[in-house]
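Hi everyone, thanks for coming. Today I'd like to walk you through some side-chain contacts in one structure, so let's bring it up on the screen.

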Amino acid sequence: MKTLQAAFFLVAFVPLVKPAPTIQQDSSKFNDYETDIAMGSLIQQDYEMLSKDIIKDGTNVSLDTGLQGDDSQLSARPTKDTNLPTCLLCVCLSGSVYCEEIDIEAVPPLPKETAYLYARFNKIKRIAVSDFADITTLRRIDFSGNMIEEIEDGAFSKLLLLEELSLAENRLVKLPVLPPKLTTFNANQNRIKSRGIKNNAFKKLTNLAYLYLGHNALESVPLNLPESLRILHLQHNNITTINDDTFCKSNNTRYIRTRMDEIRMEGNPILLAKHVNAFSCLRTLPVGTYY
């Protein structure tokens, strides 16, 4: 009787038991993985073909092989009349060239339509006339944080549209001849002495509004500062004297510098209280030591 019951149980219930599922769900993952590999291979092939086409055509484009997921990996569009290595090494985009922190030792050849050059924190030691001889469209140059010791006479003479120039944090001992339309000039943290600035270095810069010469070795305030000047930084130099014509006009007691908003002279050995007449034309007193 027990044997018959066992047989009946097997006949009745065994068909209801489903076999264990296969590992099809895992196979889909492997298929996706293989698809990703195939797509990656195609992308790599496209990249290699693009690189060959660029070299063949002699055009210029910035290629980014990074794995970032944002717009930063988009490369610049090809530009004409450009030396290929410059924009493979730097980033060239819409008239701007970014060559920052790549250890270049000289100014690279630039596209002729370049308007903005950012070459900060490199190892550039010298600026030559030939660096900008054919680049007349420049409006802003930033060489901050390099090792520049020499700038050839006339290096910026053809840059008639240049408005902003930064040579901060270099090793200059004298200033070059500056282009006429400058509005901002920054030479903070160099080794410039007063004899390294010509008497008329700023006189003809009638648009100059911001002049930064802090943390140098100046013994006196530069002469013939333009009327357009709004901000003047001379802090942490070796300035020991000021005369009545430095900022004002000793022969004109009604003269007022209406545009000058700020003069910084702290960190100099001069005692400003001894030169009150030198500030009579200013709307605000310079920042510095008075007592």
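**Disulfides and aromatic rings**

Let's start with Cys90 and Cys99, which form a disulfide with their sulfur atoms 2.0 Å apart. The torsion about this S-S bond is about 110 degrees, so the Cys90 and Cys99 link is right-handed. Both Cys90 and Cys99 are buried. Please keep in mind that this is a predicted model.

How many disulfides are there in total? The count comes to three. Another one joins Cys87 and Cys92, with the sulfur atoms 1.6 Å apart. The link of Cys87 and Cys92 is left-handed, at -85 degrees about the S-S bond. Cys87 is buried at 1% relative accessible area, and Cys92 is buried too, at 7%.

Then we have Cys248 and Cys281, whose sulfur atoms sit 2.0 Å apart in a disulfide. Here the torsion is about -85 degrees, so the Cys248 and Cys281 disulfide is left-handed. This pair links distant parts of the chain, 33 residues apart: Cys248 is in the loop between β10 and β11, and Cys281 in the segment after β11. If you number the bonded cysteines in sequence order, the pairing reads 1-3, 2-4, 5-6.

Now for the rings. The structure has four aromatic pairs. In one of them, Phe132 and Phe143 have ring centres 6.3 Å apart and planes at 45 degrees, so the pair is tilted. Phe132 is buried, at 1% relative accessible area, and Phe143 is buried at 0%. Ring pairs also bring Phe156 into a cluster with Phe132 and Phe143.

Finally, Lys249 lies over the face of Tyr255, 4.6 Å from the ring centre.

Definitions and conventions
Residues are numbered from 1 along each chain as its sequence is written. This is a predicted model: local features need pLDDT of at least 70, side-chain atom pairs count only at pLDDT 80 or more; totals for chains, interfaces and linings use all residues. Side-chain values use heavy atoms; hydrogens and water are left out. Rings of Phe, Tyr and Trp (its six-membered ring) pair if their centres lie within 6.5 Å; planes under 30 degrees apart count as stacked, over 60 as edge-to-face and the rest as tilted. Buried means under 20% relative accessible area, exposed over 50%, partly exposed in between (1.4 Å probe, protein chains only). A charge sits over a ring if NZ of Lys or CZ of Arg is within 6 Å of the ring centre and within 35 degrees of the ring normal. A disulfide is a pair of cysteine sulfur atoms within 2.5 Å. Helices (H or I, at least four residues) and strands (E, at least two) are DSSP runs, numbered from the N terminus.
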